Amino acid sequence: MPRRWAARRHAAALVVVAAATVAIAPLLASFTDSPAPWADALGTSASVAATWMMTQRIAGHWLWWIVIDVGLAALFASQGLVFTALLYAGFAVMAIAGYASWRRALAAVDARSVSA
């Protein structure tokens, strides 16, 4: 069953993502040919966090995926990677559909708990 997180838990996750980004970006800049190491590090860190939230069935992970996928689509488009950008735009559309589906599931859970 989907669960909700309070805003403070999402904020804590954002702090962890920021810390991971700060740790990973210099490594990408030094040891890879990444044209955008900070954006790559942020996308990777946020994706790991969103994946973990998904395994915990946190409904808000869909919002994370929407932001991540739109951001990565823009990043890839800026690098001329049109098909990859379109792929991530498609992922964003699927995340929007997933979020809508989970919202309906949460509303049904809420309705059952009110009537019980």
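A residue is called buried when its relative accessible area is under 20%. With that cut-off in mind, I turn to the structure above, which is a predicted model. Trp 62 has a relative accessible area of 17%, so Trp 62 is buried. Trp 102, at 14% relative accessibility, likewise counts as buried.

Let me place Trp 102 in its helix. Helix 4 covers residues 82–115, and at 1.5 Å a residue its 34 residues should span 50 Å. The end C-alpha atoms are 50 Å apart, which agrees with that expectation. Along helix 4, the buried residues are Ala 85, Ala 92, Ala 95, Gly 98, Trp 102, Leu 106 and Val 109. Helix 3, residues 61–78, is included in what covers them.

I come now to the aromatic rings. The structure holds four aromatic pairs. In one of them, the ring centres of Trp 62 and Trp 102 are 5.8 Å apart and the planes stand at 80°, so this pair is edge-to-face. Because Trp 62 lies in helix 3 and Trp 102 in helix 4, the pair ties together parts that are 40 residues apart in sequence.

Tyr 88 and Phe 91 also form an edge-to-face pair, with 5.1 Å from centre to centre and 80° between the planes. These two residues are three apart in helix 4, so about one helical turn separates them. Finally, ring pairs link Tyr 88 and Phe 91 with Phe 76 into a cluster.

How values were computed. Residues are numbered from 1 along each chain as its sequence is written. This is a predicted model: local features need pLDDT of at least 70, side-chain atom pairs count only at pLDDT 80 or more; totals for chains, interfaces and linings use all residues. Side-chain values use heavy atoms; hydrogens and water are left out. Helices (H or I, at least four residues) and strands (E, at least two) are DSSP runs, numbered from the N terminus. The expected span of a helix is 1.5 Å times one less than its number of residues. Buried means under 20% relative accessible area, exposed over 50%, partly exposed in between (1.4 Å probe, protein chains only). Contact means heavy atoms within 4.5 Å. Rings of Phe, Tyr and Trp (its six-membered ring) pair if their centres lie within 6.5 Å; planes under 30 degrees apart count as stacked, over 60 as edge-to-face and the rest as tilted.
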